[in-house]
Amino acid sequence: MKASISKRKAAAKTPLTRSFFKPALGKSSNLPYAPRYQTGLTLLEVMVALLIFALTGTAVLKAAGEHLSSVGQIESVTFANWVASNRLNQLQLDTTWPPKNNLKGTMEMADRTWYWQQTVTKTNDNDLRSVTVSVGEDESYDSSVTSVTTFVAKPTAGN
């Protein structure tokens, strides 16, 4: 019995090796049990990580889809504004007074046919008219992408 106690004291005085809980090579351990290190992830941890990645991926894809959709709408509104601006510039150059109401026409831009309609409204000043140009891609003029309003003055005698 004394021999086993002295062996335990001697083992307790041996220096620690690289592996804290494993004895040095060739020596036996006097520890009653050796704690084990976890070497991987549990199934629950893996499932939670996959859930987080799935939710993040879904959010990113949704945001990208909405962005691409809005880019197409912005493009349509931009081209429609250019068509309306071109029509209003043509109207400024025209010398007929008053401008014609409910005039309709088409214009090609960006490989698309745009349909415009102008509406002339009388103002308090007899020499001034409000002109609204509505532009859309529908030939029946049921819906418009944009509408632009300007004021046109009566041409003077010198112009």
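Buried residues have under 20% relative accessible area, exposed residues over 50%, and partly exposed residues lie in between (1.4 Å probe, protein chains only). The model is predicted: local features need pLDDT of at least 70, side-chain atom pairs count only at pLDDT 80 or more, and totals for chains, interfaces and linings use all residues. Residues are numbered from 1 along each chain as its sequence is written, and side-chain values use heavy atoms, with hydrogens and water left out.

**View 1. Salt-bridge network of E75, R112 and E137.** A salt bridge is a side-chain nitrogen of Lys or Arg within 4 Å of a carboxyl oxygen of Asp or Glu. Two such bridges are found in a search of the whole structure.

**View 2. Salt bridge between R112 and E75.** The closest N and O atoms are 3.1 Å apart. Because R112 belongs to strand β2 (residues 112–122) and E75 to helix α2, the pair ties together parts 37 residues apart in sequence. Helices (H or I, at least four residues) and strands (E, at least two) are DSSP runs, numbered from the N terminus. E75 is partly exposed, at 40% relative accessibility.

**View 3. Salt bridge between R112 and E137.** Here the closest N and O atoms are 3.1 Å apart. R112 is in strand β2 and E137 in the loop between β3 (128–136) and β4 (146–153), so this pair ties together parts 25 residues apart in sequence. E137, at 40% relative accessibility, counts as partly exposed.
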